[in-house]
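Subject: Structure handover

Hello,

Here is the structure for you to take over. My notes on what turned up follow below it.

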Amino acid sequence: AMSAALVGYSSSEEEQEEEEEGGSRGGGAQGPPDASTGRPRLPAPAGLLGDPDPEEAVIDDSSRHGGRVRGFPHERGNWATHVYLPYLAQEEFLELLELLVSRARTYVPSLAAMEEFHLSLSQCVVLRYHWIEPFVRSLRERLAAFHRFFCVADQVKVYTNQNKTRTFIGLEVSAGHFQLLELVSEVDGVLEEFDLPTFYKDPSFHISLAWCVGDLSGRLEGQCLRELQDIVDGFEDSAFLLRIQWEQIRCKSGNKYFSFPLR
């Protein structure tokens with residue numbers, strides 16, 4: 001069975017979390033939001049957040065973030081940075097998600113649903129604090145010409161991150177791949193300017209739906225995956241529901257959000 005490697009990514013307002021670096025395939029996936037804060041995680045518009053002190057020390061307490069371990073150590077002034085297309089889940093999408101997760105839990109009881117959804121256009125990379133503004137400016141210039149476009153994300157797929165510490169269920173893109181590759185090549189251009197790792201060469205673009213700790217891909221692939229695909233294919237209006245029009249690109253750096261509208 002094939003498991004696409006991917007990057008896990010998660011962040012809270014108090015600290016920038018780094019997850020395991022990704023592998024040769026797969027887009028990125030959102031890690032679980034911090035359960036400990038219990039706050040709704042609404043993206044703040046760029047410019048409203050005060051600059052936190054970049055020299056503030058961060059205590060790396062793994063109990064604060066579900067026992068997850070960093071793929072690279074946190075250093076003061078280093079900001080976890082991620083470029084992605086945000087997906088705002090409608091009620092019907094959440095109904096479909098509930099069906100999929102409850103079925104998948106009969107195979108892997110520890111599975112948890114994502115609380116926010118996106119499609120990654122970069123790995124999670126580390127930016128120095130003073131690079132954030134020029135990085136965002138460069139992204140804005142390169143992405144300015146892009147128009148809105150549609151994707152179809154309707155193929156259920158199982159992913160693991162590179163060091164097999166987490167497993168994800170995602171909806172892989174079956175149409176719109178070419179436009180996504182064009183976007184990635186612009187984002188890659190910016191990453192190269194800053195000597196940062198570019199995206200995977202043969203990416204599996206997807207929206208992650210659920211995750212669990214450990215490599216449980218063996219239990220989710222095969223029979224479970226077929227049942228999940230049947231649920232997606234049979235869901236009312238799924239063809240309409242899973243045809244997504246992207247309207248903006250977003251970059252999250254530490255606790256700051258920057259939006260780039262598509263034309």
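Arg-142 counts as partly exposed, because its relative accessible area is 32%. Bear in mind that this is a predicted model.

Arg-142 has a salt-bridge partner in Glu-193, at 3.4 Å from N to O. Glu-193 belongs to helix H3 (residues 177-193) and Arg-142 to helix H2 (residues 132-143), so the contact ties together parts 51 residues apart in sequence. Glu-193 is partly exposed too, with a relative accessible area of 47%.

The structure has five salt bridges. One of them joins Glu-172 and Lys-157, again side chain to side chain, at 3.3 Å from N to O. Glu-172 is in strand E8 (residues 166-175) and Lys-157 in strand E7 (residues 149-161), so this pair ties together parts 15 residues apart in sequence. Glu-172 and Lys-157 are both buried. There is also a network: salt bridges with shared partners join Arg-142, Glu-186 and Glu-193.

Arg-103 and Glu-227 form another salt bridge, and their closest N and O atoms are 3.2 Å apart. This one links distant parts of the chain, with Arg-103 in helix H1 and Glu-227 in helix H5 (residues 223-234), 124 residues apart. Arg-103 is partly exposed at 33% relative accessibility. Glu-227 is buried, at 18% relative accessible area.

Now to helix H1 itself. H1 covers residues 91-104, 14 residues in total. From first C-alpha to last it reaches 20 Å, close to the 20 Å expected at 1.5 Å a residue. Which residues of H1 are buried? They are Phe-93, Leu-96, Leu-97, Leu-100, Val-101 and Ala-104. Down the axis of H1, these buried residues fall within an arc of 130°, so they line one face of the helix.

Strand E3 is worth a look next. Ten of its ten residues are buried. Both faces are covered. On one side are Asn-78, Ala-80, His-82, Tyr-84 and Pro-86. On the other are Trp-79, Thr-81, Val-83, Leu-85 and Tyr-87.

E3 has these antiparallel pairings:

- Strand E6 (residues 125-128), over four bridges. Here Ala-80 stands opposite Val-126.
- Strand E11 (residues 248-253), also through four bridges. Thr-81 faces Ser-253 there.
- Strand E5 (residues 117-120), by four bridges. Phe-117 is the bridge partner of Tyr-87.

Then the aromatics. The count is eight aromatic pairs. Tyr-87 and Trp-246 make an edge-to-face pair, with centres 6.5 Å apart and 70° between the planes. Tyr-87 sits in E3 (residues 78-87) and Trp-246 in strand E10 (residues 243-246), so the pair ties together parts 159 residues apart in sequence. Tyr-87 and Trp-246 are both buried. Ring pairs also link Tyr-87, Phe-93, Phe-117 and Trp-246 into a cluster.

Last, charges over rings. The charged end of Arg-243 sits over the ring of Phe-150, 3.7 Å from its centre. The charged end of Arg-166 sits over the ring of Trp-211, at 5.3 Å from the ring centre.

Best wishes

Terms used: Residues numbered from 1 in each chain as written. Predicted model: local features only at pLDDT ≥ 70, side-chain atom pairs only at ≥ 80, totals over all residues. Heavy atoms only, no water. Helix = DSSP H or I, 4+ residues; strand = E, 2+ residues; numbered from the N terminus. Expected span 1.5 Å × (residues − 1). Buried < 20%, exposed > 50% of the residue type's maximum accessible area, 1.4 Å probe, protein only. Arc of directions from axis to C-beta. Phe/Tyr/Trp six-rings, centres within 6.5 Å; stacked < 30°, edge-to-face > 60°. Lys NZ or Arg CZ within 6 Å of the ring centre and 35° of its normal. Pairing = 2+ DSSP bridges. Salt bridge = Lys/Arg side-chain N within 4 Å of Asp/Glu carboxyl O.
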